[in-house]
Amino acid sequence: MHESVSESDARSALARVDRERRRVIGEFGMPRWYWWSVALGWIALAIVTDMKRPLVTLVATVAFGAAHSTMYHYLAAGRHRTDQLSIRTETVSWYARVAVLACLLALTAAMIVGALLAQSDGARHPVTISSIPVAVTIVLGGPAMMAGVRRSIVRSRTAA
Amino acid sequence: MTTPAKFDELIHPTTRLSIVALLAATDWADFSFIRDSLELSDSALSKQLSTLEEAGYLVIDRPVSNDRRRRVRTRLTPVGRSAFAGHVAALQRIVGTASTRVH
């Protein structure tokens, strides 16, 4: 049969293979509850920080970090947007981890800048105030960021 | 390590190739996900999965109890992954050989 397979048949089969791989990459992402959990945890941490009790803030920060880390590893960085499949690590490569971590670092930086601005303006709860737009960004922007990562993965695989 | 090219007649038919290609990108996938993605009927998908299972290319984790809510998961075996990689390499070789002939 091998000899009877034409070039166009082979191309068509390879295109089918690529289509199915893209279909799986299309399922890459975090469940919606993940983004809500991070956003609400972010605001809670900000409220605690504004209480100006260093020990409580430290405990809350560690608790938030541990909870997020557990969730993050459970969801394996985007491999479980749905519970209908588990995407292979090789399929999404390292993009997911880098994207989520970069996003969280950028949001932390944005919150610090926002809190400093709010504080200089005399706000009583600067960290809480600056955490709200960040939380909204997480809920609204998280899925969009993952969509961008999906496109990047497809592009990188196509170029490879 | 490069997988040696080996055309696999069991994988090559359209539906089976799509099933194996989809599973190759996953650790596991639900029966319903494959069925809906490839727009197959339950019986058509079951038949193809059984053929691949008999060849040792995939494993079907069937529910132990009669609980219908429990999902059926499928995953490729190492033998299935290797056969798929070899088949893709064979297809690429056919395309490559043809391109070389043209140029």
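The model is predicted. The area buried between chain B and chain A is about 2500 Å², with 66% of it coming from carbon and sulfur atoms. Ala25(B), Asp27(B) and Phe33(B) supply 21% of the area that chain B buries against chain A, more than any other three residues.

**Interface between chain B and chain A**

- Chain B brings 29 residues to the contact, and chain A brings 25 residues.
- The rule finds 1 salt bridge across the interface of chain B and chain A. Asp27(B) forms a salt bridge with Arg88(A), in which the closest N and O atoms are 3.9 Å apart.
- On the side of chain B that touches chain A, at least two residues come from each of helix 1 (14-24), strand 1, helix 2 and helix 4 (78-102) of chain B.
- Helix 4 of chain B gives the most to that side of chain B, with 9 residues.
- By class, the side of chain B that touches chain A holds 16 nonpolar, 8 polar and 5 charged residues.

**Strand pairing between the chains**

- Strand 1 of chain A (residues 85-87) pairs with strand 1 of chain B in the antiparallel sense, over 3 bridges.
- Within this topic, Ile87(A) has Thr26(B), in strand 1 of chain B, as its bridge partner.

**Strand pairing within chain B**

- Strand 1 of chain B (residues 26-30) is antiparallel to strand 3 of chain B, and 2 bridges pair them. Asp30(B) stands opposite Arg73(B) of strand 3.
- Strand 2 of chain B (residues 58-61) also runs antiparallel to strand 3 of chain B, and 4 bridges join them. Here the bridge partner of Asp61(B) is Arg73(B).
- In a regular strand, side chains alternate between the two faces of the sheet. Strand 3 of chain B (residues 73-76) has Thr74(B) and Leu76(B) on a covered face, whereas Arg73(B) and Arg75(B) lie on an uncovered one.

**Ser37(B) in helix 2**

- Ser37(B) belongs to helix 2 of chain B, which spans residues 31-38.
- Ser37(B) counts as buried because its relative accessibility is 15%, and the cut-off for buried is under 20%.
- The side chain of Ser37(B) reaches the backbone oxygen of Phe33(B) at 2.7 Å.
- Leaving aside residues up to four places away in sequence, Ser37(B) touches Arg23(A) and Leu22(B).

Note on methods. Residues are numbered from 1 along each chain as its sequence is written. Chains are lettered from A and ligands numbered from 1 in the order in which they are written. This is a predicted model: local features need pLDDT of at least 70, side-chain atom pairs count only at pLDDT 80 or more; totals for chains, interfaces and linings use all residues. Side-chain values use heavy atoms; hydrogens and water are left out. Buried means under 20% relative accessible area, exposed over 50%, partly exposed in between (1.4 Å probe, protein chains only). Two strands pair if DSSP finds at least two bridges between them. A polar contact is a pair of N or O atoms within 3.5 Å; within protein, one must be able to donate a hydrogen and the other to accept it, and residues adjacent in sequence count only if both atoms are side-chain atoms. Contact means heavy atoms within 4.5 Å. Buried area is the accessible area (1.4 Å probe) that two parts lose on being put together, summed over both. A salt bridge is a side-chain nitrogen of Lys or Arg within 4 Å of a carboxyl oxygen of Asp or Glu. Ala, Val, Leu, Ile, Met, Phe, Trp, Tyr, Cys and Pro count as nonpolar, Asp, Glu, Lys and Arg as charged, and the others, Gly among them, as polar.
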